[in-house]
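Hello,

Here is the structure we talked about handing over. Please look through it, then read my notes below.

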Amino acid sequence: MGEYMKGFVAIRPSDAFFWNKEYLERFYKTQSADTKEKIPGYYYMQKIIEFDCDHTESGELYREYVKHGCLEKKNQLCDWCKEHNFVGPSCGRIPRPFPNYNKDDFHYLDVFDTPMKIDGKPRSPDDMQPRANIKKLVKDKKLILGDNSIEVFSKKFIIPETQVIEAVKHIQENAVAANLRNEERKKRTKEKRGKKFADYDWKALIEEGKLSDLHVYELDKYLKAYKLPLNKRTKEDKIKMIISHFNKNVYCEGVVVADEVPSSENDSDSENELLDLNETWPSDSDFNNTDSTDADEAEQA
């Protein structure tokens, strides 16, 4: 099947043809339609999103491209589908498995007998997928251990009751573990927020490049201690400000931290640039000499 099936992965951001992460984030975070329309690249991103919505179908464990999906959702082909029609005869979609309730054992219907619609409506993604429905029903508290909901689910989705019970227990155990992690995270956050400016070894954090491991509210403790500006600055800006301030005002041992360039080197570079300019730019005497030469030539004429 290698000549018929292909797999794709997302390319690295550095290799992307149109990399606009900043504008994409603003596009997704902005709620106002008028404000969103003013974001650079709005029409391009909106077109891609609409195409994706019209031509893809997503389930819990899959994402499928549907050729001519726009015809199903909008009752007409889009411009792209018109230009990229089927090379040969058009083909229909293969339906997802559906249980065969006429047999006693666990069986699915034959592919040619499997319905594409239920009660005249297209089947929804994961409509008969056991795992996805177990997660949904457990979340809604409609699938509970110890009552007949396990048996009902087993018969509807043709899956043994033992597997349903194991899946429910697994979800419940994951929920307990998640709650424990959340409590531990809240505890660590409370401890960090309770720390004072003096509790941090700022010198070690800067030298070891670990300022980025701190939260923004922790970086603010340094800025507040030295009355540096806080508002409307990104985390990266605050880190740069702390390093610069620490090197210039706090760290008095003459050691440069985090690739900061000494001011003396900056000064020497600027002086060299001035010297280079002076060497290439004509001096006043050059202009004076030129004028006197022109005058002598005029007198001789």
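Is Phe-197 buried, partly exposed or exposed? Phe-197 has 28% relative accessibility, so it counts as partly exposed (buried is under 20% relative accessible area, exposed over 50%, partly exposed in between; 1.4 Å probe, protein chains only).

First, the basis. This is a predicted model, where local features need pLDDT of at least 70, side-chain atom pairs count only at pLDDT 80 or more, and totals for chains, interfaces and linings use all residues. Residues are numbered from 1 along each chain as its sequence is written, and side-chain values use heavy atoms, with hydrogens and water left out.

Now the rings. The whole structure holds 12 aromatic pairs (rings of Phe, Tyr and Trp, the last by its six-membered ring, with centres within 6.5 Å; planes under 30 degrees apart are stacked, over 60 edge-to-face, the rest tilted). Phe-153 and Phe-157 are stacked, because their centres are 4.3 Å apart and their planes at 25°. Phe-153 is buried at 4%. Phe-157 is buried at 3%. Phe-197 and Tyr-222 form a tilted pair, with centres 5.9 Å apart and planes at 55°. Tyr-222 is buried, at 1% relative accessible area. Phe-197, Tyr-200, Trp-202, Tyr-222 and Tyr-226 make up one aromatic cluster.

Best wishes
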